Amino acid sequence: MMKYFLPLSAVLFAIYSFSDFGSIQKGYTHQELRDLYGSGNQDLWPKPHLFDEAKEGFQDIGSLSKPEFPKDNPYSKDKEELGKVLFFDPRLSKSGQISCANCHDPELGWADGRRVAYGHDRQQGTRNTPTILNIIYAKEYFWDGRATTLEEQAKAPIENPVEMNLHSRLAVKRIAKIKGYREYFQKAFGTEKITEENIVKAIATFERTIISPKSKFDKFVEGKKDALTDSEINGLHLFRTKANCINCHNTPYFSDQKFHNVGLTYFGREYEDLGLYNISKKNEDVGKFKTATLREVSQTAPYMHNGLFPNIRGVLNLYNAGMPNEKRNRDSPLAPKKSGMLEKLNLTDAELTDLENFLKTLHSYQYKMRAPQLPK
C-alpha cells in the first residue's frame, strides 16, 4: 500500500479552513488576518459578531481620536499645572495624608493595584479603583455612573467620609491659606480667589491630559503589519467574533460606556452590590455596572467592580464559562438578571492564550510622573 504525506502547512490550512473554529476561525489563515486587520482600512475587517443589544450606538475598536475638552472647562497649560499640583496635594484630605494620587498612582496604571480602595483612617471602600487613563473619553463616571461630569467626579472623593473626608468648604479654606497657591490660580483663572468650582475644574483638566500613547494595537491597525504576532492577531479576531468581547468593549476606548449585569451582584449575600440600581432605583438596573475600558488593562489589575480577579486569565475563564447565574431570591422583584449577551463560549486553552496576548497589546509605553513640589 502506498502512503501519501501532506506537508504540515497544508494540514494546518485544512484544519483552519474546514473546522468550525480552530486556532483561527473558518476561512482565514494567519496571513489573511494580518493583511485584513493590518491594512489600515477598517472596511476590510471581518464582520464582528454582535448581539442585537449591542448594535445601538456600536462603534468598532480602533485608534483613539484627538480628544476634546468641554466648552465650559477648556484646556490651558496653566490650568493643567494647577490641577496636577492639587491632584498630588494631600492637604485636600482631612488627615493631610491622602491625595487623589493615592488611589490613582501613575506607577500603578493610574489606579492603586488593590482589590478595593482604602482611605481616611484606613477605611476600606467597597469597589475597585478604576484607572483614570484616557478618562477624557468617558461619558459617565464611577462604576454606577453617579457622576455625569469629570468635575463632579473630582469633587466626590474629597468629600467622601471613607476616602478623603474633607467637606469642600473646608478644602477651599485650607487651600486658600496656602500663599503659594495664589499665583497658580491667578495664572489659571485670572484671579487669586480660590473656589470649589475652580479647584475641581483644575483637577479635571489635569486628569483629561492623562492619555495613553500609541499601543502595539494602534500601530498595527494603522497599517504597521508586523506590530503584532500571529497569536495576538488571532486574539484580536477572537475578541471581535467568537469570544463576543466586542459587544461590550467596543469603540476606540474599548468600552461601550453602557451598564451591564455580568452576574457578580452577590444578591442577598454579604458583599451585595446593586450597582446602577442604587442610583436609578429601577429594578432592571440591579447589578449593572459600567463597562470598564480595556486600554492598559494589563497594568490595572485586579479586575471587576469588586476587584474579584487578580489576573486577566481568571476573568477570561469565567467569561468562557458564561459567567455565574445568581440563584438566590429569584422571586424577589429585585432579583438580578444577567445580560443575555453572556453565554458559554467554548474557547480552547490556545484561544484563551491568544485572547490574553491580544489584550496585552493595548498597553503602551509606561511612563512615570514625579509628584510636583507643593506650594507653601
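**Exercise 1.** Is Tyr266 buried, partly exposed or exposed, and what is its relative accessible area?

*Solution.* The model is predicted, so local features need pLDDT of at least 70 and side-chain atom pairs count only at pLDDT 80 or more, while totals for chains, interfaces and linings use all residues. Residues are numbered from 1 along each chain as its sequence is written, and side-chain values use heavy atoms, leaving out hydrogens and water.

Step 1: buried means under 20% relative accessible area, exposed over 50%, and partly exposed in between (1.4 Å probe, protein chains only). Step 2: at a relative accessible area of 22%, Tyr266 is partly exposed. Step 3: the phi of Tyr266 is near 55°, a positive value in a residue other than glycine. Tyr266 is found in the loop between E1 and helix H12 (277–280); helices (H or I, at least four residues) and strands (E, at least two) are DSSP runs, numbered from the N terminus.

**Exercise 2.** Describe the backbone and burial of Thr251.

*Solution.* Step 1: phi is near 70° at Thr251, again positive in a residue other than glycine. Step 2: Thr251 belongs to the loop between helix H11 (230–240) and strand E1 (259–260). Step 3: with a relative accessible area of 14%, Thr251 is buried.

**Exercise 3.** Characterise the packing of H4 against H8.

*Solution.* Step 1: helix H4 (residues 77–87) and helix H8 (residues 180–189) pack at an angle of about 145°, their axes 8 Å apart. Axes are lines fitted to C-alpha atoms, for helices over the stretch in contact, and angles run from 0 to 180 degrees between N-to-C directions. Step 2: contact means heavy atoms within 4.5 Å; the residues that meet include Leu82 and Val85 in H4, and Tyr184 and Phe185 in H8.

**Exercise 4.** Which geometry does the pair of Phe217 and Phe358 adopt?

*Solution.* Step 1: rings of Phe, Tyr and Trp (its six-membered ring) pair if their centres lie within 6.5 Å; planes under 30 degrees apart count as stacked, over 60 as edge-to-face and the rest as tilted. A search of the whole structure finds 15 such aromatic pairs. Step 2: Phe217 and Phe358 are edge-to-face, at 5.8 Å centre to centre with 75° between the planes. Step 3: Phe217 lies in helix H10 (residues 216–221) and Phe358 in helix H14 (residues 349–360), so the pair ties together parts 141 residues apart in sequence. Step 4: Phe217 and Phe358 are both buried.
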